[in-house]
Amino acid sequence: MTDTELLRKKIKQSGYKIQFIAKKLGISYQGLLNKINNKSEFRAKEIQILHDLLNLTEDERVAIFLPASRQNAYNIKQGGLYQWNGGDLS
């Protein structure tokens, strides 16, 4: 699930318009709004484009696009600790 609030904040900070971002992603304006509002999911390629376009840090990318239930597993994996914590490490 996308963190809508954080994504909107980063879009606003970038100065880009939603229409421009949608064009860069190769989707319609409404399609992008649907993804921002969690009515549909971003694809990996779209996340990468947004990461580059909005100059997101890796932590911001995780916070925006990785479901909260998987963020803990991500943090453990990034820290080099590969012990199971009840989350999926894949």
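**Entry 1: the model**

I noted that this is a predicted model, in which local features need pLDDT of at least 70 and side-chain atom pairs count only at pLDDT 80 or more, while totals for chains, interfaces and linings use all residues. Residues are numbered from 1 along each chain as its sequence is written, and side-chain values use heavy atoms, with hydrogens and water left out.

**Entry 2: the overall fold**

I found six helices and zero strands in the protein chain. Helices (H or I, at least four residues) and strands (E, at least two) are DSSP runs, numbered from the N terminus. Buried residues make up 34% of the 90 residues; buried means under 20% relative accessible area, exposed over 50%, and partly exposed in between, with a 1.4 Å probe and protein chains only. Of the contacts (heavy atoms within 4.5 Å) with a separation of 6 or more, 44% join residues 24 or more positions apart.

**Entry 3: the salt bridges**

I recorded three salt bridges in the structure. Side chains of opposite charge can pair when their charged atoms come close.

Glu 58 and Arg 61 are three residues apart in helix α5, so about one helical turn separates them. Glu 58 counts as partly exposed because its relative accessibility is 34%.

Lys 10 and Glu 60 meet through their side chains at 3.1 Å, N to O. This pair links distant parts of the chain, with Lys 10 in helix α1 and Glu 60 in helix α5, 50 residues apart. Lys 10 has 11% relative accessibility and therefore counts as buried.

Glu 46 pairs with Lys 35, with 2.9 Å between the closest N and O atoms. Glu 46 lies in helix α4 and Lys 35 in helix α3, so the pair ties together parts that are 11 residues apart in sequence. Both Glu 46 and Lys 35 are buried, and the relative accessible area of Glu 46 is 7%. Not counting residues up to four places away in sequence, Glu 46 touches Leu 25, Ile 27, Lys 35 and Glu 41.

**Entry 4: helix α4**

I listed the buried residues of α4 as Glu 46, Ile 47, Leu 50, His 51 and Leu 53. Their cover includes α2, α3 and α5. Just after α4, Asn 55 takes a positive phi of about 55°.

**Entry 5: the nonpolar core**

Which residues of the largest nonpolar core touch the most other members? I found Leu 7, Ile 21, Leu 32, Phe 42 and Phe 65, out of 17 residues in this core. The elements that give two or more residues to this core are α1 (4–14), α2 (18–25), α3 (29–36), α4 (44–53) and α5 (58–65). The largest share, four residues, comes from α2. A nonpolar core is a set of buried Ala, Val, Leu, Ile, Met, Phe, Trp, Tyr and Cys residues joined through side-chain atoms within 4.5 Å.

I then looked up Phe 42. Not counting residues up to four places away in sequence, Phe 42 touches Thr 2, Leu 7, Leu 25, Leu 32, Lys 35, Ile 36, Ile 47, Leu 50 and Phe 65.

Methods: A salt bridge is a side-chain nitrogen of Lys or Arg within 4 Å of a carboxyl oxygen of Asp or Glu.
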